Amino acid sequence: MLLEPRDQILDIWRASLRYSYRTGEWNWAGNSISDAEQLLCILYPATAVPTLGFDQPDLMGEDVAAVLHPLGNQLEAPRTMITLLIQYMRTYTDEVGNPTFRAGSYIDPEEVTGAGAVTTGEQRDLEIVDSYSMSVSLCLAVLGFLQAFREGVRSRALLAQIEELRGLTSHRLTGALTGLLRSFSVHVFEIDSLAGQSLLRNVNQAREPDRIVADRLSRELDDIRGRLRGDVTIGSGVVADELDNRARLFECGWSWGVIKGAAGVSYTDEVTTQPPGVAEDRPYLYFTGVALDGIEDLFSRRTQILGLLDDVQLRAAQALRLRYDLTLAFWTRVATTGSTGPARIAVEDVPWRTSDGVESEYYTLFVTSMVVQQLADDPASAPLLSRMARIMEHLADRGRITSRPVTRSPVRSEDQALRLHEPGERLTLRGTEELGSRQVWRIANYSSLLFKRAVRISGLLADVEQRDAMLRLSDTLMQHLQARRLTEGDGTGLWDQLSPALPITLSEKQPPSWYHTERVIEGLVTAAGMLTEDLPPSPALLPLATDLLAEAENIFAQEKLAGTRTQGHAVRVSFDSIEKHLERARLLLRRRPGTSLTLVQGVLRELDGLAMARQGPGRGTA
């Protein structure tokens with residue numbers, strides 16, 4: 001494995017600070033999402049990878065301190081970060097103290113030219129799921145950082161800053177959770193509609209009559225339908241009456257923003273001021289994946305151990321966990337329809353088609369990612385995980401990352417697969433037309449998202465050959481991403497420069513993209529987390545290690561029964577060593593069968609040496 005996430009993260013930190021922190025001033029990107037991504041490039045690894053932490057100055061690594069030196073020495077760097085975080089929280093708070101989650105410059109007019117090709121100020125002020133999710137991750141990182149750093153602080157002025165930042169961050173986190181609750185969508189539709197035909201086209205791999213497939217799918221989703229109808233009671237997504245009709249199909253997930261007509265979320269006796277929504281009541285696969293990533297952070301081991309959520313946030317988090325579980329269950333069942341046999345399952349039929357009839361490899365990637373999230377804690381998921389791994393390899397090929405792009409020819413001007421990277425997919429934000437011309441959101445993170453998911457699957461696969469294949473793919477994807485780092489200007493070392501990784505040349509040089517850089521950071525943090533976990537035990541090694549351990553323990557018991565222990569000090573020392581190694585081997589048997597096997601082999605050699613010594617010269621068995 002060529003990945004070295006710690007060194008690579010430090011290298012990105014170095015480039016980020018060289019660009020962002022000049023002459024004592026932070027060079028903000030100027031958007032609630034971009035600025036959060038910019039801060040997360042530093043703070044997310046620092047709070048997710050223990051060896052990169054700088055919240056306890058006395059424990060800061062020398063290399064970490066050297067990279068963070070632009071922010072100050074070991075004592076000053078965390079204080080500077082607190083000042084910057086307070087600036088961010090204040091900037092994205094309105095005049096009455098409510099946090100804002102504006103889309104800003106991330107949206108563009110659907111029409112490229114013409115009188116309607118504008119984005120109004122009111123549209124830029126629309127709140128968007130990407131900002132909610134990014135804020136959840138940022139706020140959790142900040143709260144964890146403050147909790148660790150505060151322990152050694154005695155300065156009243158610094159304590160006051162910490163408390164101010166804690167209050168601002170907690171308020172923003174509550175606002176982000178509320179926004180996610182109000183952006184959840186349950187879309188119910190007729191079988192004969194475009195949405196119904198698109199869904200059936202995905203799952204009907206055997207080309208059976210639509211009515212038969214629809215009836216079977218409806219039965220498979222019946223428990224999810226029941227939970228959505230009975231348990232989803234706050235925010236958006238409350239569609240009990242429509243779900244009662246089992247002759248209709250449905251889908252669930254997150255729209256691009258607060259659903260039009262979504263009720264306010266009340267945590268006390270009164271509903272606080274919450275902006276009205278205009279977003280279409282339909283799940284978008286991209287924003288669903290983004291929302292799920294943020295919600296997943298709410299239930300991380302770190303968040304739970306540190307107790308980062310207050311009572312109000314815990315209530316919101318529980319409501320989001322319900323939506324998280326139902327959404328993953330829904331898309332996993334739809335995507336893996338037919339998984340009991342060798343026949344192709346729905347998600348293997350690339351590209352995936354969304355309910356509005358649009359097809360793209362991106363949508364296959366989003367659905368596959370949700371399946372992997374669902375299977376992560378399922379010990380019986382190995383066969384399906386193997387299929388998801390093969391899909392990742394196929395998507396890398398279709399994205400011309402592991403295969404050569406088609407060059408220009410008399411019959412083809414360019415390889416259409418390159419459009420996955422530039423300009424990417426344009427998502428129509430339906431509902432924005434109420435405030436002017438319809439707007440779009442562009443996604444172009446194919447490579448970094450593929451990298452993150454390939455790394456995650458690598459850590460879940462138990463089969464050695466399959467795991468090695470995914471690790472090789474992860475290395476290839478990282479090499480591809482490394483080739484896309486900017487090589488000149490203030491943004492050197494950041495992303496995104498398509499050439500020379502791909503034969504795409506932009507008309508003008510682009511500034512560093514925090515959107516791309518932060519997503520590479522996410523992939524590296526995932527890789528670091530994978531390396532801190534034990535590999536899944538090998539199914540081939542476990543039986544062998546178990547048999548050898550049983551033989552060693554039996555022989556050792558025979559030696560003790562024969563009274564060998566009493567034959568001198570050296571033998572007693574050897575017996576003590578054997579007992580410790582056998583105890584260690586049994587302790588590691590299920591978790592690290594290879595290590596256990598190696599320990600047992602050493603014990604067997606030592607026991608055989610004792611047996612030969614007891615028999616005396618020339619009495620060994622031929």
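**Exercise 1.** In which helix is Arg519 found? Work out its surroundings too.

*Solution.* A quick word on the model: it is predicted, with local features needing pLDDT of at least 70 and side-chain atom pairs counting only at pLDDT 80 or more, while totals for chains, interfaces and linings use all residues. Residues are numbered from 1 along each chain as its sequence is written, and side-chain values use heavy atoms, leaving out hydrogens and water.

Step 1: Arg519 lies in helix H19, residues 514-532 (helices, H or I, are DSSP runs of at least four residues, strands, E, of at least two, numbered from the N terminus).

Step 2: Arg519 has a relative accessible area of 8%, so this residue is buried (buried is under 20% relative accessible area, exposed over 50%, partly exposed in between, with a 1.4 Å probe and protein chains only).

Step 3: Setting aside neighbours within four places in sequence, the contacts of Arg519 include Glu37, Asp130 and Tyr286 (contact means heavy atoms within 4.5 Å).

**Exercise 2.** How many disulfides does the structure hold?

*Solution.* Step 1: The count is 0 (a disulfide is a pair of cysteine sulfur atoms within 2.5 Å).

Step 1: For Cys41, which is in no disulfide, the nearest cysteine sulfur belongs to Cys139, 16 Å away.

Step 2: Cys41 is buried, at 0% relative accessible area, and Cys252 is buried at 0%.
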